[in-house]
Amino acid sequence: MSKKFTQIAIATVGALSLALAATGCSGTTGQATASQEGGGSFTVWDPYPQHEASSAWAKRIDKCGQEAGVTIARTAYDTQALTNQALLAAQEGKSADVILLDNPAVSTLAETGALVDMKTAGLDTSAIEPNLLAAGELDGETFGIPVGANTLALYYNKDILAQAGVDPASITSWDSLTAALQSIKGSGHKGITFAGIGTEEGSFQFLPFFWGSGAKLSALDSTEAVSALDLWSSWVKDGLAPNSVINNSQNTTWEEFLTGDFGFVVNGTWQVNSAAKAGFATGYIPIPSKAGGVAPAPTGGEFLLMPVQKDESRYATSTKIVECMSTTEGQVETANTFAYYIPATVPGQELLLKEHPELKVWVEAVNEAKGRTSDNLGTDYPVISEQLWTAVQNSLSGAQSSQDALKAAQQKAAAATGK
Amino acid sequence: MMTVTHTAESRPDVGEKADAAVPGNRRQRSLGPRTAAALFAAPLLVYLLVFYAFPLYRNIELSLHDYTLRAFVQGKAEFVGFDNYLAVFSSSTFITAFTNTAVFTAVSLVFQYALGLALAVFFRSSFRLSSVLRGLFLIPWLLPLIVSASAWSWMLNSDNGIVNAALVGLGLEPLNWLTSPGLALTSVIIANIWLGIPFNLVILYSGLQNIPKDYYEAAALDGASSWKQFWSITFPLLRPVTAITLLLGLVYTLKVVDIIWIMTSGGPGDTSTTFATWSYREAFGTGTPDFSPAATVGNLLILIALAFGLLYLRVQKNQEES
């Protein structure tokens, strides 16, 4: 009896380990058969977990798949997780057919050789605005197409500005902005909130001020850079901005703004709808530069990428999917579905403005905006950015003076990038 | 696809073998007890190799090579020996992370243990609702860490946090719990102590159940105060349980990432960065994953935990001998 049991147990274990071994290679087999059949299943990864399978966005992807004659399996990840996932998948040789990735990560992924360049893919990028395409360029080649672009501006609470007697149109420089914040504080409200968190979001929000001072990312410790960090630190020190900005993500700052206590908030195109629904009247102006005029804000938004596949016959279909997602009409449709994208082409922008003239400020801001990895920074940008947000944290929290914090940041960035 | 076919193919095979086993006993004998034992151990061995030995080997391999992103994806990383370790040791973050790890672990352990023991002794004398109360103390343990860490970070928020509201209500100055360089580490330690108390309470409470009641009766007859009883009976007899509680607590505390990451991300600057969060930040916290330095820091953590594990075995051996 017990011997029979032993035999069965051994046999079961054997069968189980066979099954285990088989699962190990089932992934690749599935893909190969898909392309042999001609149609089959194509995978798309995007960073929009907030849009579920029944959302307009998911349906649009499905439609693009149908037009290309395939079904699409879509998986949504959190932005940071998607970058890691894309890298790990590239290592395993199991990338998705199309990935939508946050633009500063594009050159990082391209640098690993895991992406097909757009020329090879047979996609025309000439219609895309150069400042928006820049984030997808590395060593003269283009590795992706933006699905649209967004950027930062200053939202304001009309009621609070009216109470404080501040005319938003008068805010054209740092001095006039700080003066406005002081009047708001004087009227018993809070001036401004922004995201100074120790992640990429912190750098993203600081860049309009950094660039608006005339500073360059290749020299973090310039006097211009110090003046920008001093501006933020002095706002916190003088109580014009709350201390919690040091730990604030962009979402948290927006929540703070929605309480109705704040005059201004630095935030992005993606809040346009939420702002319209706020319990008070809102408006937005471009972020001013130090001396006056509009400061260059960083471009945000995702790029459509085509990762390298073992089976090159898949590219033709992937190209069709990417094309379908990035046509002029497609870009306007994305802008409408998401409400936080401005099309990356002039015809697309014109079409959008015809439907939504109120987005004019955003279209202008996007055209003034600058890619984070441009100025030929490429893969150096993430390294520099980490030092930049660390300096912002150290200065805002009072651990170091702006000058010392940026000096240390520049030394570390130079050491890490070898420049 | 292949999964299905393979399992389907191997199933009739299973049936055949099992059936064959009934009539002919000869084939069974050739499968000696040693082979059978080895086959039984095989799943466990495979499990250990795949899920323990390989990741460990991979971690060491990562730390000895220079895995740039390109190398990570395409293979062929350059062997750099101990360069990564040298870079970690000479990094300006090292001293901060080292002291923070030591302070975070030591202070957390001392308070978790002291408070856990006090509560365990308190609940030892059962009274009305004592089991309900004891159950309530387990709540921090049952909550997902992301929930408790987020709750702590809201409570300690500089401007809208309930803690500062209470301080202001009492006429005190509000504090920048999570955003001032001097307080951030203290704040995450407080949250971590709160999280660790239930674990200490449970283990120490069950340890207390093993101390015979007679000792206390005898001590009471001799006129020993409860304070004296605690120090002369409870504490010495609890020593083996204490040792394992502290060792497990140490390992848990050394590797804490989530609570610190959610509350402060190791900031502001580096002020609440420990080895564990440093390793996480290098690998996943920035735009460029740096797996080699991350693995290097991770290995240091493993070494520290290993050193304390060996120390524990040594202490245990001494205890058994005496």
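Which residue of β3(A) does A:Val44 stand opposite? The points below take up this pairing and its surroundings in what is a predicted model.

1. A:Val44 stands opposite A:Val98 in β3(A). The two strands concerned, β1(A) and β3(A), pair in the parallel sense, and 2 bridges join them.

2. With strand β2 (residues 71–76) of chain A, β1(A) also forms a parallel pairing, here over 6 bridges. The path of the chain from β1(A) to β2(A) leads through α2(A), and this β-α-β crossover is right-handed. Within the pairing, A:Trp45 has A:Thr75 of β2(A) as its bridge partner, while A:Asp46 stands opposite A:Ala76 in β2(A).

3. These strands belong to an open sheet of 5 strands in chain A, whose order is β2-β1-β3-β11-β6 and whose pairing is mixed. At its edges stand β2 and β6 of chain A, each of which pairs on one side only. Helix α3 (residues 79–92) of chain A lies across β1 and β3 of chain A, and runs at about 130 degrees to β3(A).

4. The buried residues of α13(A) are A:Thr317, A:Ser318, A:Ile321, A:Val322, A:Met325 and A:Ser326. They cover an arc of only 165 degrees around the axis, and therefore lie on the same side of α13(A).

5. What covers the buried residues of α13(A)? Among the covering elements of chain A are the strands β1 (41–46), β3 (98–102), β6 (145–146) and β11 (302–305), together with the helices α2 (56–67) and α14 (328–338). The strands β1, β3, β11 and β6 in this list are also members of the 5-stranded sheet described above, and α2(A) is the helix through which the chain crosses from β1(A) to β2(A).

6. A further open sheet in chain A has 4 strands in the order β8-β9-β7-β10, again with mixed pairing. Its edge strands are β8 (190–193) and β10 (282–285) of chain A, each pairing on one side only. On average, and with direction ignored, neighbouring strands of this sheet are turned by 25 degrees against each other.

7. Within this sheet, strand β7 (residues 152–157) of chain A and β10(A) run antiparallel and are joined by 4 bridges. A:Asn157 has A:Thr282 as its bridge partner in β10(A).

Technical notes
Residues are numbered from 1 along each chain as its sequence is written. Chains are lettered from A and ligands numbered from 1 in the order in which they are written. This is a predicted model: local features need pLDDT of at least 70, side-chain atom pairs count only at pLDDT 80 or more; totals for chains, interfaces and linings use all residues. A residue is buried if 20 or more other C-beta atoms lie within 10 Å of its own, exposed if 12 or fewer, and partly exposed in between; C-beta atoms are placed from the backbone. The arc is that of the directions from the helix axis to the C-beta atoms. Two residues are in contact if their C-beta atoms, placed from the backbone, lie within 7 Å. Two strands pair if DSSP finds at least two bridges between them. A crossover is right-handed if, with the strands pointing away from the viewer, the path from the first strand over the helix to the second runs clockwise. Axes are lines fitted to C-alpha atoms, for helices over the stretch in contact, and angles run from 0 to 180 degrees between N-to-C directions.
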